[in-house]
Amino acid sequence: MHTYRSSQYFMMRCVGLLGLLLWAGILFGQVNAGDNSRANGLAVWLDVDGAIGPATHDYVRRGLAKAVERQARVAIIRINTPGGLDASMREIIQEIIATPIPVVGYVAPGGARAASAGTYILYASHIAAMAPATNLGAATPVKIGGFPQLPDAPDGKPGDEQTRQPRPQDAMTNKIINDAVAYIRGLAEMRGRNADWAELAVREGVSLTASEALKEKVIDLVADDMDDLLTKIDGRPVNVLGQEVILSTQALTLAHIEQDWRTRLLAIITDPNIAYILMLIGIYGLILEFANPGTIIAGVVGAICLLLALFAFQVLPVNYAGVALIFLGIIFMLAEALIPSFGALGVGGIIAFVIGSIMLIDTEIPGYGISIPLIVTFTLLSAGFFIFVLGMVLRARKRPVVTGSEELVHSIGEVVESFDHEGWIRVHGELWRARTLTPLSSKQKVKVAAVHGLMLEVEPCLTDHTKER
């Protein structure tokens with residue numbers, strides 16, 4: 001018995017020791033893995049895909065901050081964009097210049113482009129790279145209506161110096177282009193890239209393929225994929241915040257930083273089509289609440305949607321003349337529902353609404369226009385809503401009450417028995433207690449002036465008639 005217990009105790013100790021060794025091995029392996037990961041280093045990459053706007057800036061800003069927090073050796077911005085808003089582009093460039101780690105701009109995958117604002121971001125990056133079958137350029141600033149065409153040179157060649165001379169009658173266009181040229185030349189000089197081609201990209205909207213860009217010293221290298229990129233930039237010197245840094249990227253671990261819910265929500269709200277819909281829902285909700293007080297839900301939804309729309313318009317290039325025309329169109333359609341104008345106010349309201357909707361977003365940048373089918377749909381819905389539905393509701397409120405105690409007011413009754421102050425009258429075949437300031441005689445016609453619970457306040461009826469309905 002004693003021997004059995006000793007053996008059992010020995011086995012338990014062996015199992016415990018084995019478990020302790022196993023646990024220590026796991027911890028040791030994790031520490032080694034962490035040490036290896038720390039030794040290898042980290043490279044984070046962000047995706048700038050689609051039109052550049054406030055949500056893109058928020059994503060890049062937060063992504064670069066996370067890269068610094070995670071002590072990444074390098075941050076890669078993979079670019080595929082047709083362009084975007086000037087303000088958001090400049091904010092992204094400021095983030096790149098101010099970040100304490102090297103930033104690599106990489107136009108990828110094959111078939112991607114870094115047009116317009118993407119070209120500026122690529123020029124601002126510490127290292128500029130492109131994948132095969134990609135292009136960059138076409139960096140001319142664009143506003144609503146575009147820029148007028150510059151006169152052709154006598155020999156018709158697009159690169160002639162006369163073609164690039166600014167038109168004196170279009171001072172605003174010249175100011176915008178010259179500012180953009182100075183900006184991109186400054187970025188080119190800071191990173192040691194081809195500043196003359198950068199100016200051509202702004203003034204003439206020229207573009208280059210990846211191989212041509214490498215030949216023209218617009219970019220630093222062409223890489224097939226991320227792994228090839230990390231291999232090719234290894235050992236390259238870059239200037240980060242005034243200090244020379246030699247990149248060591250051969251064995252870095254790649255980590256993708258995805259957009260979080262906040263950035264995705266911001267991207268949805270600042271979509272011009274969504275902002276337009278939110279604005280109209282907000283206006284409709286508030287009008288419904290004012291037309292029918294006490295609905296509450298319409299007012300709450302309308303107020304929230306209108307505030308979200310105003311936030312989006314704050315960061316979007318909004319033409320406030322377009323906003324004014326939309327509001328004017330809604331007022332005209334409301335007036336058509338209340339005032340008989342033989343359709344003049346309604347037609348004028350529809351025209352103002354359509355023109356204002358088209359003018360609302362003051363830019364021709366791809367991805368930042370309001371869809372024409374969406375404008376047509378909401379124009380028809382608005383016309384139907386204001387002229388017909390809301391008009392019927394408001395006209396119905398003006399009709400006389402036909403049910404309930406309120407219907408008794410102005411009704412004609414007959415005195416049952418003579419009385420001086422209080423007595424009985426018959427109204428609609430019913431006996432009611434009534435009071436008056438004027439003595440009344442039997443069978444005399446009276447008119448109900450007010451209802452106080454079960455007591456009617458009456459006055460003599462000067463004409464013997466029944467209540468019109």
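Which residues line the second largest cavity? The views below start there and then move to other parts of this predicted model.

**View 1. The second largest cavity holds about 40 Å³ of space.** Its lining is made by Tyr-59, Arg-62, Gly-63, Lys-66, Ile-257, Glu-258, Gln-259, Asp-260 and Thr-263. Helix α2, residues 54–69, gives the largest share of this lining, with 4 residues. Sorted by class, the lining has 4 charged, 3 polar and 2 nonpolar residues. How many cavities of 30 Å³ or more does a search of the whole structure find? The search finds 2.

**View 2. The second largest pocket has a volume of about 260 Å³.** It is lined by 18 residues, and the closest to its centre are Ala-51, Ala-55, Thr-56, Ala-267 and Tyr-368. The pocket lining divides into 8 nonpolar, 7 polar and 3 charged residues.

**View 3. Val-48 sits in strand β1.** The strand covers residues 42–49. Is Val-48 buried or exposed? Its relative accessible area is 3%. Buried means under 20%, so Val-48 is buried. Now look along the chain to Val-60, 12 residues apart from Val-48. The C-alpha atoms of Val-48 and Val-60 are separated by 8.1 Å.

View 4. How accessible is Ile-304? Its relative accessible area is 48%, so Ile-304 counts as partly exposed.

**View 5. A cis peptide bond joins Ala-108 and Pro-109.** Find the bond between these two residues and check its omega angle, which is about -5°. Where is Pro-109 found? Pro-109 is in the loop between β3 and β4. Strand β3 covers 103–107, and strand β4 covers 113–115.

**View 6. Ala-138 has a positive phi although it is not a glycine.** The value of phi is about 50°. Ala-138 lies in the loop between β6 and α5. Strand β6 covers 135–137, and helix α5 covers 171–191. With 33% relative accessibility, Ala-138 counts as partly exposed.

**View 7. Lys-217 also has a positive phi, in a residue other than glycine.** Here phi is near 60°. Which loop holds Lys-217? Lys-217 is in the loop between α7, residues 210–215, and β8, residues 221–222. The relative accessible area of Lys-217 is 64%. Exposed means over 50%, so Lys-217 is exposed.

How values were computed
Residues numbered from 1 in each chain as written. Predicted model: local features only at pLDDT ≥ 70, side-chain atom pairs only at ≥ 80, totals over all residues. Heavy atoms only, no water. Buried < 20%, exposed > 50% of the residue type's maximum accessible area, 1.4 Å probe, protein only. 1 Å grid on protein atoms, 1.4 Å probe; cavity = no way out; pocket = protein on both sides within 12 Å on 5 of 7 lines; lining within 4 Å. Points joined across faces, edges and corners; volume = space filled by probe spheres on them. Helix = DSSP H or I, 4+ residues; strand = E, 2+ residues; numbered from the N terminus. Nonpolar A, V, L, I, M, F, W, Y, C, P; charged D, E, K, R; others polar.
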